[in-house]
Amino acid sequence: MRINLTDNNMGSTNAGIFLHKDISALFPIAEKTIAQLCKENEHLLIFPYCMEESNDQIGNASIITLLNTSDPDKVRIKTENVMGFIGVGNLQVKIKSRFDEGRDDFLLHYMLQKVMSFNLFDLNHNHDKDDVFDFVMFLFPYFLKNAMRQGIYREYQNFRHNDANVKGTINLGRHISHNIPFVGKVAYGTREYAADNSMTELVRHTIEFMKSKKYGQSVLTIDRETIENVNSIIEHTPAYNKNERNAIISKNLRYKSHPYYTAYQPLQSLCLQILRLEEIKYGETDDEICGILFDGAWLWEEYVNTILHNEGFIHPENKRHKGGIYLFEDRSGIRYPDFYKDGIVLDAKYKNLGSYEKVSKVGRDDLHQLITYVTNLKASKGGFVTPLNEKQQKVPRSTLKNPSSTLFIIGIEICKKTISYADFCQKMKEKEKAFIEYLNQQI
């Protein structure tokens, strides 16, 4: 069974109501924190918690909460700020953006396309299974790049040899069974720090598998860095054997934890999902949880960055400790504004702020955060960047009493009427252009 939800559905009173018996598989995961679910379920991959890039403490949030209704046979699924796919046994859940319309989920795919840097317009939005599989497969270059930037994964491997170049421990039993009468060869074993191992073999099997799929070859050749990474994996896995896929998958069911190759664990998880999602099985047992989910706030911020980057805005990186500002003279109290340049600060908010007439109506925590950034940077202007359900007719503005800085709300309209995903992409480019024009008017 498959059910469709939207993120942050609390405001929709009739949304997410299902029969108790149909969603009973979700009861064990309801109200558990994302951090706890990730720890308990190795096949659940969540951005950006798994990569420790979030400022929003997504690990402390839950994916869903179950609420009672007036009908004792029905329950309501309350969702949080998370989008994507999750499955428990035979129950499959798709969570789309609340700013999207219809069942096609164009907005989530579009934001991922921009953030993950792939450029495919003929995505399948007609068949649920193909939709899920394509969605997961398109993320492969992003994970591969992050992992390969740490170098090719290496670990100690045991090798068996039988030749005249003895350089390890002699195996007498094997030597006697293979080399009598003696012909100049010696059976011995070595332990080497090798690049051809179960991890790189898993990546290689994923690459070869993707080559056979509809969009796979296009994904693997999406840009120069991806091509180089794929070639490097192929070069370092000379022992690859297509008939050993199941054996390699089995060796990777327990995730590898390495103090240096930290980016390989998300890649390992994604490869397993790609290979195991061939038959779209989220979980092999009744209580196994699999899926890939995205924090809406993180994804919106990274999407906005793809637009503002070319406008000269600085986008601080919390994880790499770059671009932060200090609140105190002794360089303590570091903070990371979303975007800033030349007397203006912007804060990306994945919230419905488009209907606000005054900036003062924005939630106090969000408002205080922006004011802190504006004051610290001595900026004359600060703004919230939000998704819009319709074209923005007027930009709400308010002026701070002290310092005299102007705050405003500006948004990117999410396209509603489209005939295809390619059409959606083209119209979103027009909406982004209009957003930049509006923004320049504020500056």
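Which residue forms a salt bridge with Glu155? The partner is Lys256, and the closest N and O atoms are 3.6 Å apart. A salt bridge here is a side-chain nitrogen of Lys or Arg within 4 Å of a carboxyl oxygen of Asp or Glu. The structure is a predicted model, in which local features need pLDDT of at least 70, side-chain atom pairs count only at pLDDT 80 or more, and totals for chains, interfaces and linings use all residues. Residues are numbered from 1 along each chain as its sequence is written, and side-chain values use heavy atoms, with hydrogens and water left out.

Glu155 belongs to strand E8 and Lys256 to the loop between helix H9 (245–251) and H10, so this pair ties together parts that are 101 residues apart in sequence. Helices (H or I, at least four residues) and strands (E, at least two) are DSSP runs numbered from the N terminus. Glu155 counts as buried because its relative accessibility is 17%, and Lys256 counts as buried at 18%; buried means under 20% relative accessible area, exposed over 50%, and partly exposed in between (1.4 Å probe, protein chains only). Lys256 is also among the residues that Gln268 touches, together with Met199, Leu202, Asn252, Arg254 and Tyr255, not counting residues up to four places away in sequence; contact means heavy atoms within 4.5 Å. Gln268 lies in helix H10 (residues 264–276) and is buried, with 0% relative accessibility.

Val166 is placed in the loop between strand E8 (155–163) and strand E9 (169–170), and its relative accessible area of 38% makes Val166 partly exposed.

Rings of Phe, Tyr and Trp (its six-membered ring) pair if their centres lie within 6.5 Å; planes under 30 degrees apart count as stacked, over 60 as edge-to-face and the rest as tilted. By this rule the count is 11 aromatic pairs. Phe99 and Tyr350 have ring centres 5.3 Å apart and planes at 70 degrees, so the pair is edge-to-face. This pair links distant parts of the chain, 251 residues apart: Phe99 is in the loop between strand E7 (91–96) and helix H2 (106–116), and Tyr350 in the loop between strand E15 (344–348) and helix H12 (364–376). Phe99 is buried at 2% relative accessibility, and Tyr350 is buried at 4%.

Another of the 14 salt bridges in the whole structure joins Lys427 and Asp423, with the closest N and O atoms 3.3 Å apart. Both residues lie in helix H13 (residues 421–442), 4 residues apart, about one turn of the helix. Lys427 is partly exposed, with a relative accessible area of 27%, whereas Asp423 is buried at 18%.
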